[in-house]
Amino acid sequence: MQIRLSNGYRVRARSALAADSTAIEIPRQWYNLIADLSVKPPPPLHPKTYEPVKSEDLAPLFPDELIKQDRLPMKAKRLEKLLDTPARIYYKYEGRSPAGSHKPNTAVPQVYYNGQQGIKKVVTETGAGQWGGSVAFACSLYGLGCEVNQDNA
């Protein structure tokens with residue numbers, strides 16, 4: 001199947017699980033489909049009011065600094081300028097992970113900002129364990145107590 005995008009590029013899609021296929025093909029390119037949508041996805045809705053979520057709705061769950069960060073994309077402004085391009089370039093730094101996944105990238109700042117707001121113990125749940133391990137790792141960095149509950153698999 002071929003799809004033509006608004007920028008003129010064509011994307012070919014092939015099912016990795018076709019009957020004659022013995023291996024799964026890993027994509028070599030990624031494309032942000034939202035940039036080509038004529039209608040942007042709606043914002044997250046509050047589960048009770050069904051209105052767009054406001055910062056104050058998140059305050060009981062998250063420290064203020066995390067709420068602010070969730071609203072701000074990481075934009076590579078200096079790279080855009082260096083390349084002299086009209087393209088909008090965004091990035092996410094993964095770095096090296098002591099927990100074996102990308103999850104410390106969010107666990108560490110979440111624990112840090114909880115500590116900054118006076119929280120002494122973080123309680124979370126985990127499925128396979130990577131999130132729980134990441135939160136425990138982050139709590140050990142900042143001296144916060146930690147309780148991890150593992151889901152029954």
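Author: Helices (H or I, at least four residues) and strands (E, at least two) are DSSP runs, numbered from the N terminus. The model is predicted: local features need pLDDT of at least 70, side-chain atom pairs count only at pLDDT 80 or more, and totals for chains, interfaces and linings use all residues. Residues are numbered from 1 along each chain as its sequence is written, and side-chain values use heavy atoms, with hydrogens and water left out.

Reader: How many helices and strands are there in the chain?

Author: The chain has five helices and four strands. Along the sequence they follow the pattern β-β-α-α-α-α-β-α-β.

Reader: At what angle do α4 and α5 pack?

Author: Helix α4 (residues 104–116) and helix α5 (residues 130–142) pack at about 40 degrees, with their axes 8 Å apart. Axes here are lines fitted to C-alpha atoms, for helices over the stretch in contact, and angles run from 0 to 180 degrees between N-to-C directions. Angles under 35 degrees count as roughly parallel, over 145 as roughly antiparallel, 65 to 115 as roughly perpendicular and the rest as oblique. The two helices α4 and α5 are therefore oblique to each other.

Reader: Which residues in α4 and α5 meet?

Author: Contact means heavy atoms within 4.5 Å. From α4, the residues are P104, T106, A107, V108, Q110, V111 and Y112; from α5, they are W131, S134, V135, F137, A138, C139, L141 and Y142. The residues of this contact divide into twelve nonpolar, three polar and no charged. In that division, Ala, Val, Leu, Ile, Met, Phe, Trp, Tyr, Cys and Pro count as nonpolar, Asp, Glu, Lys and Arg as charged, and the others, Gly among them, as polar.

Reader: New topic: what is the count of disulfides?

Author: A disulfide is a pair of cysteine sulfur atoms within 2.5 Å, and by this rule the count is zero. C139 is in no disulfide, as the nearest cysteine sulfur, that of C146, is 4.0 Å away.

Reader: Is C139 buried or exposed?

Author: Buried means under 20% relative accessible area, exposed over 50%, and partly exposed in between (1.4 Å probe, protein chains only). C139 counts as buried because its relative accessibility is 2%. C146, at 30%, counts as partly exposed.

Reader: Lastly, what is the phi of Y50?

Author: Y50 has a positive phi of about 60 degrees, although it is not a glycine. Most residues other than glycine have a negative phi. Y50 lies in the loop between β2 (10–12) and α1 (55–58), and Y50 is exposed, with a relative accessible area of 59%.
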